[in-house]
Amino acid sequence: MTDEALLSVSELRTWYELRKWGFFHAGYVKAVDGVSFDLARREAVTIVGESGSGKSTLAKTLLGLVPPTSGEMTIAGTKLDGEKKGKGLAWVRANVGFVQQDPYGALPPFMSVQRILGEPLEIHGVPKTDQEQRIREVLEEVRLIPYGDFIHKYPHMLSGGQQQRLVIARALVLEPKLIVADEPVSMLDASVRVEVLQLLRRIQEQHDLGVIYITHDLSTVRYFSEFAFVMYAAKLVEKAEVKELIHNPLHPYSQALLTAISDPDAANAHIIKEVPGGEPPSLVRPPSGCRFHPRCKHFMEGVCDVDEPPAFQPVAGHEVECWLYREGEVPVDEESA
Amino acid sequence: MTDQSNGLLNVEDLKLHFRTRKGPVQAVDGVTFSLERGPAMVVVGESGCGKSTLARAILRLLPRNVHAYTGRVFLNGTDVMKLGEERFRKQVRWVQMSLVAQAAMNSLNPVVKVGDQVAEPLLVHRKAANRREALGRAAEAFRMVGVSTDFLERYPFELSGGMRQRAVLAMALIANPDLVFLDEPTSALDVLTQTNIMNVLKGIKRDLGMTFILITHDIATSSELADRAAVMYGGQLVELCDAGTFFSEPLHPYARKLMASVPTLREDKALDFIPGQPPSLLNPPTGCRFAERCPSRFEKCTEEPPFQDVGDGRWVKCWLHV
Ligand SMILES: Nc1ncnc2c1ncn2[C@@H]1O[C@H](COP(=O)(O)OP(=O)(O)OP(=O)(O)O)[C@@H](O)[C@H]1O
Ligand SMILES: Nc1ncnc2c1ncn2[C@@H]1O[C@H](COP(=O)(O)OP(=O)(O)OP(=O)(O)O)[C@@H](O)[C@H]1O
Ligand SMILES: [Mg+2]
Ligand SMILES: [Mg+2]
């Protein structure tokens, strides 16, 4: 059973319907549009993408908070499809923990730490006598210690980093198998970000959890997971090991991202970086063919603007949805060299 | 004391405290620095340390609940703190110094065409004879920041976030000021747009010699423009030095920890973090404000260290470096 996938997603689509005057159908925001991937047990994977690329929608779909338009999801052998949706959902709520983007909005302001952590236990019928023990355990797990100092506090009495650790504690309290963490550190100061990421990483390893870490900040990825997916305009355009992605990005979009992100160095101030202009496309009427083609310097007319590229695997274990890698094509770096 | 005739901006012991129900908030508390014409300075520090307030104090954009506002600000040799509000508004703000405020792209007036808004400072300050001339200059500013002049005739909602941010940048540049404050100018934008805007700023700095003060909490972004770097902590500057030395070897223990906590994409380094939290600005500690979290703290740190020149144009506020 150990190598069975914890999560398997196939051709997932989540479209939001747009309505004119609240009534007439006016198209769809195709926020997740054909996403497939597998996550093994104990695996941590990062989904990196820009604002509006559909990351949160993907997270919410996995959590059952937004219904998918089509596609399949299987979590630990439980298939979540139309008929079994109700049952599947209850299962999801109990087995998938969610760490939200914004710790300030995620915590109910009038509930004490004890109630915030006690409520999910109560709902899932954990006996009162065991509740306190479990609350103590998770608070210690996220290093809100001594736990007695925190248990009666309200969210506003905690710093941003402490609040986010409380959100993590809440996600852990039911002992989930999978955690989805949507930008868990983006609202925090640089000086505490690492602390929270390391904490999440340690918990993942200790409890053999699967974790999906969602971020727009590529520079934090390598500190968290071995594997990463790059999301652009509702699709996962590249999937690779983090080290491989950083040193050998294949998709022109990933290449641009890596060019754009610099490590702190005074020399940066004197370099004009070559990155594509333009803006991410509309998800209502995305460009035909490859969604990156209007901004891509390798654009091949009659190819990239016609068909959506499937996933190619030019390097073992490294997938990319780009026509440059179809059989017989010249690899990108040779061409630009 | 510092020589006021030399340099574009000299700030001496600037304080701006706010009145609140719980007591005065010492958001900017005794800031001293000078900046020459040309080099860009970045101000980095954690959320709430007083970065935006520092820009507002220099530009005299004060809220109503000011508790204390003291110090001296010399711009091109003139003590502009002494000017009456009317003269400051006519001669200094937007004309000699301008600001791209934090989240400015969301504060454009939704019912006024973008071109008219960008041109407004020229008309208000009588830097253009009429609307036609002002709009001509707005078109120039648009080209400078890389926005098609078609957008002059559009309303803010018709522009993407990146375009709106470029428009507010154009507005800050239009009167050709000596000094432009940029408060988190790219933090709400996607990475590629961020990079494109930083490219624009680099180009303007190089071609027009405009002086920028960039305020950001993002160290990697700050390195895209910095010639000089200032680190703020608890309402005060704790280090000020050339960017080259700052990014490779900061001196102040806070600056060192901060740099060590910056994740790097390519380099494999063990990351550090700063335990504890920044001091309250309501009742800040009397000695060094970082002492409580500082790994190198010693007895002396219960007294406030001076912000001192330690050589090579480097200033540090720490007892380890006096
Ligand atoms: N409830 C909704 N109804 C309609 N459109 C929506 C809804 N929620 C999100 N969208 C749209 O779907 C797209 C993807 O949004 P999503 O929040 O998933 O992006 P994201 O990658 O998480 O962005 P960010 O980095 O800003 O959090 C966006 O264009 C957004 O405007
Ligand atoms: N008008 C005001 N009245 C009272 N307190 C204020 C006022 N404006 C700002 N403050 C407080 O002053 C401190 C400094 O705020 P400031 O906005 O300058 O921080 P910042 O460094 O720009 O933070 P950020 O990175 O989050 O933008 C904060 O504690 C803030 O709450
Ligand atoms: Mg999101
Ligand atoms: Mg600010």
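A polar contact is a pair of N or O atoms within 3.5 Å; within protein, one atom must be able to donate a hydrogen and the other to accept it, and residues adjacent in sequence count only if both atoms are side-chain atoms. By this rule, 18 residue pairs, both members at pLDDT 80 or more, are in polar contact across the interface of chain A and chain B. The model is predicted: local features need pLDDT of at least 70, side-chain atom pairs count only at pLDDT 80 or more, and totals for chains, interfaces and linings use all residues. Residues are numbered from 1 along each chain as its sequence is written, chains are lettered from A and ligands numbered from 1 in the order in which they are written, and side-chain values use heavy atoms, with hydrogens and water left out.

The interface brings 43 residues of chain A into contact (heavy atoms within 4.5 Å) with 42 residues of chain B. By class, the side of chain A that touches chain B has 20 nonpolar, 12 polar and 11 charged residues. Here Ala, Val, Leu, Ile, Met, Phe, Trp, Tyr, Cys and Pro count as nonpolar, Asp, Glu, Lys and Arg as charged, and the others, Gly among them, as polar.

The two chains bury about 3,600 Å² between them, 55% of it on carbon and sulfur atoms. Buried area is the accessible area (1.4 Å probe) that two parts lose on being put together, summed over both. A:Ser191, A:Tyr223 and A:Pro264 supply 17% of the area that chain A buries against chain B, more than any other three residues.

Three salt bridges cross the interface of chain A and chain B. The criterion is a side-chain nitrogen of Lys or Arg within 4 Å of a carboxyl oxygen of Asp or Glu. B:Glu224 forms a salt bridge with A:Lys273, with the closest N and O atoms 2.6 Å apart.

The backbone oxygen of A:Gly277 lies 3.0 Å from a polar atom of the A:Arg295 side chain. Beyond residues up to four places away in sequence, A:Arg295 touches several residues, including A:Tyr232, A:Glu279 and B:Leu192.

In chain B, the C-alpha atoms of B:Leu251 and B:Lys317 are separated by 9.5 Å. These residues are 66 residues apart along the chain.
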